[in-house]
Amino acid sequence: MINYIGQFTVEPALPEKLEPIREIAYNLFWTWNHDAIDLFRRLDSKLWEESHHNPVFMLGKISQEKLNEAALDDSFLSHMNRVYVQLNIYLEERTWYQKNHKYDKENIIAYFSAEFGLTECLQIYSGGLGVLSGDHLKSASDLGLPLVGVGLCYKEGYFQQYLTNDGWQQERYEITDFYNQPMALVTIEDKSPLKLDLDFPGRKVFFQVWKIQIGRIPLYLLDTNLPENNDEDRKITRTLYGGNVETRIQQEIILGIGGIRVLHSIGMQPLVCHMNEGHSAFLSLERIRTLMKNHDLSFHEAKDINFYSNVFTTHTPVPAGIDIFPNELVEKYFANYYRNELGISDKAFYSLGTIIKDRAPSNFNMAHLAMNMAGYVNGVSKLHGKVSKKMWQSGFADIPFDEIPIDYVTNGTHTLSHLSNDMQELLYRYLGDRFMRNPSDIKVWERIDEIPDEELWRTHERRRERLVAFARNRLRKQIIERGGSAIELNAAKEVLDAQALTIGFARRFATYKRATLIFQDIERLSSLLLHSSYPVQFIIAGKAHPKDEEGKKLIQEIIAMTKDHHLKKKIVFLENYDMNIARYLVEGCDIWLNNPRRPLEASGTSGMKVIANGGLNLSVLDGWWDEAYRNDVGWKIGNGEEYDNLDYQDEIEARLIYEILEKEIVPTFYKRSEDKLPREWIQMMKNSMKTLGPLFNTHRMVQQYAEKFYFASYEKRKTLLKNNCERGKHFSLWKSKVYENWNKVKVINVEEEDKNGGLKVGQKFPIIAEVELGDLTPDDVDVQIYFGRIDNGSSESRTKVKMIYLPKKSKSGKYLYRCEIELKDTGQFGFTLRILPKNDVLINQFELGLIRWANT
């Protein structure tokens, strides 16, 4: 490696008339504005494709002659100025947030994620989690939320995939030139880069900060590739999900602790922090440290205050998907931090990394840290909320399952980022621009029915034709890169049929997603693919994790199918799956296939992206489809069954897929009216668009995060910090008092008042309870009756009723409570009593982990 003695940066030399295009290029608003994309393509279509759709790189590479020509082209200037006006109107117009909420203008929400999928030229994402994060920022921008994003700047990003001749996945890592990306270094007053440092074992690690502008939203990315660091530390932010376990904890320290320090250094004081997965959970420790320092608080006071302004979203349905670090490694990096900065013991610190409180932990669980530090915890679909409760049930001892404090907000996608230009123009023509401004408006989507069937179908057919052309072109490039023969190249021109029913399957090649399920019965599949009148074809794409040998084997199996003499025109695998390939697939497929093992798909968002494009879903009832499915908007595989015998499950569900294709999907697609239109299919397209379109988008999702979590977090933090944290300190004292007295809290006696010879529907069943509270008072607790049918084991069917405190004590000096159960149904019921902490600061009464049942 050459040691340069100086550095300089060169920027494109744009003619003065073209200066607006620089501002357009550096704001990712262009990624969801087709007029802007057409502007860049118009400047140099070949270079636009070669640059991987990177306008900054393109402007640096384009010849000065072409730039000068564009500056003299009135038509081009008019186009550029139109896009420039669109950008400025977008930035200045009143938003949903401004119209409906009157909070301070300061950045109150910081959104942390390990990856962001914003556009294909920015290789700082690996898959669905990153694209979701990017869509979150885009919708936050559209809605006008005062939000800022924080992530890491990966020099190599995620790997580039290529396959050997026998179909085995290989990985290639490409260096990203940040100076030729739509991003800029954050600088200080003298224009030098902002640099911060963190204490690592025996050294300091320095990092600089890059800024990406996404509409109204800034995203800050931390980068350790600096000469001040040693060679190993420069590589901390080199690759996404690369390196070993020590690299991972280093990255997460930079992201969480470093991210908070970056925001503070540029004058932002986030009042709410959203941890998108547990990678950034160390931020909660830094927020505590800052509160302690700025407000002279104890660790427990700061922790209690900080708890209510953290949001944690989990995306995994299995423990294996969570980062867990050995205590020895955590001690190496945090011993000084927790002892000297937080002022707590090792026992207290390591208890933060587990939700299991009855035994000492041997490792440090990042999801558990996030849960212990966040007042709001959620899964990413209704089903995943339940799966998350089940996964972490052991951390909520004695709490009924349905009351475990884990909520859900179903994921969505940023509609305009995944919508084809053809379909957008059609929807604009019939729905107006309201569907672009507010894609979650149900009334707007109802106007889908006004679109003539022929126009909708022709628009969708054009996108299928372009998908087929794109797939053929990509296949040719793959063959050339592998050194394929002229025969293979000629054959690539003939794969796929632009008129055939086209099924897409594209996602991460984890084994639970079962990419090869459709190949269980080759003979039966072949009869579908090779039908002379009603053919079916598959386009498949996806990457396996570099260390996932089983996932790589699945890809190899599929490649073997694509080489079969009879099937090679019907099955295509597109290498190096990225946002560009995904765009063509979701815009052009007729069917989106998704067949994970339920309930291992937390949400899944790829199927949401086909909705507005007119595609239909065929999926297992898992993730988002479990709550979205109706028989007039798509097809389901099974009825939500879960199996112990996985081979049997595969056999059953593969058979179901074939049956649905044979008996429902293929006949409906090819059933044409006299005018050659598949009227029934088109009606399902319309049903899907108008029913699912307004629900499964990130506008709805981000609004829910704001109204469920962000605004409540903001209010609580402001309240707890007011008057030098007076309320926060008082609340922390109250918590200590409750913990100290809880072993004295119990139900002493329960009396059932006269039943008058039996109970009947419409009557009331009165109960009086005598309780002991120690040094607590009725102001500190709620006493509740908890009842339900004895023969129904589901806690969801049970009811709780708050008992009323009677302002007199029993003969033994205990507190008395009374309540009446309204009898609405017949049958045999059981009841018990429970006591819970009560304070208006609490989000829910279970967050202290304290509950006293009558029989304990």
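Is Asp 296 buried or exposed? Asp 296 is exposed, with a relative accessible area of 68%; exposed means over 50%, buried under 20%, and partly exposed in between, with a 1.4 Å probe and protein chains only. This is a predicted model, in which local features need pLDDT of at least 70 and side-chain atom pairs count only at pLDDT 80 or more, while totals for chains, interfaces and linings use all residues. Residues are numbered from 1 along each chain as its sequence is written, and side-chain values use heavy atoms, leaving out hydrogens and water.

**Backbone details**

Most residues other than glycine have a negative phi, and most peptide bonds are trans. Helices (H or I, at least four residues) and strands (E, at least two) are DSSP runs, numbered from the N terminus.

Elsewhere, the peptide bond from Arg 598 to Pro 599 is cis, with omega near 5 degrees. Pro 599 sits in the loop that runs between strand E18 (591-594) and helix H25 (606-609).

**Helix H17**

Which residues of helix H17 (residues 421-431) are buried? They are Asp 422, Met 423, Gln 424, Leu 426, Leu 427, Tyr 430 and Leu 431. These buried residues pack against several helices, including H2 (34-43), H20 (453-481) and H28 (679-692), where contact means heavy atoms within 4.5 Å. Just after H17 comes Gly 432, with a positive phi of about 75 degrees.
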